[in-house]
Amino acid sequence: TIFRAQTNSTGADLKYTWAVSAAEGWSFAEGTNANSENPVFSFDKSGTYTVSLLASSFCSAESKQETNIVVIHKPLATLATSQTYCGPQTIAFSESNAAHRPQYNAQSGTISAYRWEVNGPAGITFEEGTHAGIAHPIIRFAEPGTYNVKVTATNECGDSEAAVQQITIDAIPAHELSAPKEVVCLNSGIMQLQASHEGGTWSGSEYVSADGRFNPAAVGAYTL
C-alpha cells in the first residue's frame, strides 16, 4: 500500500522530519526519506499507523502534526489439517471444535461475507439451520469418499485465498460371518468361526475366544 504525504507547512528554510509510530511494516519509497518535503510511504502490513511531521525553520520554531493511517489487506482464512472418519459424520466447523476450527484474520478490515464450498464424490447437507454463507456451519457427510472443504472470507479489499481441509469418510465394512455348522452337539469339539474380513475380535459368549474359536460346552443358542 502506497501513501503519498503532502505538507502544507509554510515558512522560510523549512526542515522536515517525518516519523511513523510502528517500528516495522513500512518503509520510505520512491527515493524519499524522513527529511523529504513530500515523502512516499510503503506499508506491507495491515494495521493502524500514526504518521507525524515535525517542521522547523532557521528561527528554531517547530510545528508538529500527526495523522492516523489505517492499512487494510485482504483477509486471511485457515482450516485445520486433514481428518479421516469411519462412517457418516456431522461436523461442526466451530470455534470449539479444534479438528475443524476455521480461523479468520480481518487484516484491520471488517469481514462482510463467507463462502463455503465442498467438492467430493457425493452431496453434502448443511445442518441445524446453517448454510454456506456463515462463518461456522455444520455439515453432514453421509457417503464415503474424500471431500475438499473450502472457505473464503471477504472484506473491503476483496476475497481471501481459499482455506482448504480434506475430510475422508471411510465406509464401515460389512462383515459376513459363518461357522462350519450352525447346529452342533454338546462337547463335540472346538470349531473355528469365519469372517469375511480378517482381524477384529469375536465376542458374545464365554465359550468363544477373541480369535473365533467356539467350544460348545453348554446347551443353548448363541449370537456371536
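S108 sits in the loop that links β10 and β11, where strands (E, at least two residues) and helices (H or I, at least four) are DSSP runs numbered from the N terminus. This is a predicted model, so local features need pLDDT of at least 70 and side-chain atom pairs count only at pLDDT 80 or more, while totals for chains, interfaces and linings use all residues. Residues are numbered from 1 along each chain as its sequence is written, and side-chain values use heavy atoms, with hydrogens and water left out.

Back to that loop. S108 is not a glycine, yet its phi is positive, at about 70 degrees. Q107 belongs to the loop between β10 (103-105) and β11 (113-119) as well, and its phi is near 55 degrees, again a positive value in a residue other than glycine. The cut-offs here are under 20% relative accessible area for buried and over 50% for exposed, with partly exposed in between (1.4 Å probe, protein chains only).

On to the sheets. Strands of a sheet pair through backbone hydrogen bonds, either parallel or antiparallel; two strands are taken as paired if DSSP finds at least two bridges between them. S27 has S42 in β4 as its bridge partner, and A29 has V40. The pairing of β1 with β4 is antiparallel too, over three bridges, and here R4 is partnered by V40.

A further open sheet also has three antiparallel strands, this time in the order β2-β5-β6. The edges are β2 (15-20) and β6, each pairing on one side only, and the twist averages 15 degrees from one strand to the next. Six bridges join β2 and β5 in the antiparallel sense; in one of the residue pairings, Y16 meets A55 of β5.

Two strands of this sheet turn up again in a pocket. β5 (47-56) and β6 (62-71) each give at least two residues to the lining of the second largest pocket, and β6 provides the largest share, six residues. On a 1 Å grid over the protein atoms alone, a pocket is an open set of points with protein on both sides within 12 Å along at least five of seven lines, and lining residues have an atom within 4 Å of a point. The space in this pocket comes to about 350 Å³. Of its 24 lining residues, T7, N8, S9, L53 and Q65 lie nearest the centre. The lining splits into nine nonpolar, twelve polar and three charged residues, counting Ala, Val, Leu, Ile, Met, Phe, Trp, Tyr, Cys and Pro as nonpolar, Asp, Glu, Lys and Arg as charged, and the others, Gly among them, as polar.

Finally, the cysteines. Zero disulfides were found in a search of the whole structure, a disulfide being a pair of cysteine sulfur atoms within 2.5 Å. C86 counts as exposed because its relative accessibility is 60%, while C157, with a relative accessible area of 36%, is partly exposed.

Note on methods
On a 1 Å grid over the protein atoms alone, a cavity is a set of points where a 1.4 Å probe fits but cannot get out, and a pocket is an open set with protein on both sides within 12 Å along at least five of seven lines; lining residues have an atom within 4 Å of a point. Grid points are joined across faces, edges and corners, and a volume is the space filled by probe spheres set on the points. Axes are lines fitted to C-alpha atoms, for helices over the stretch in contact, and angles run from 0 to 180 degrees between N-to-C directions.
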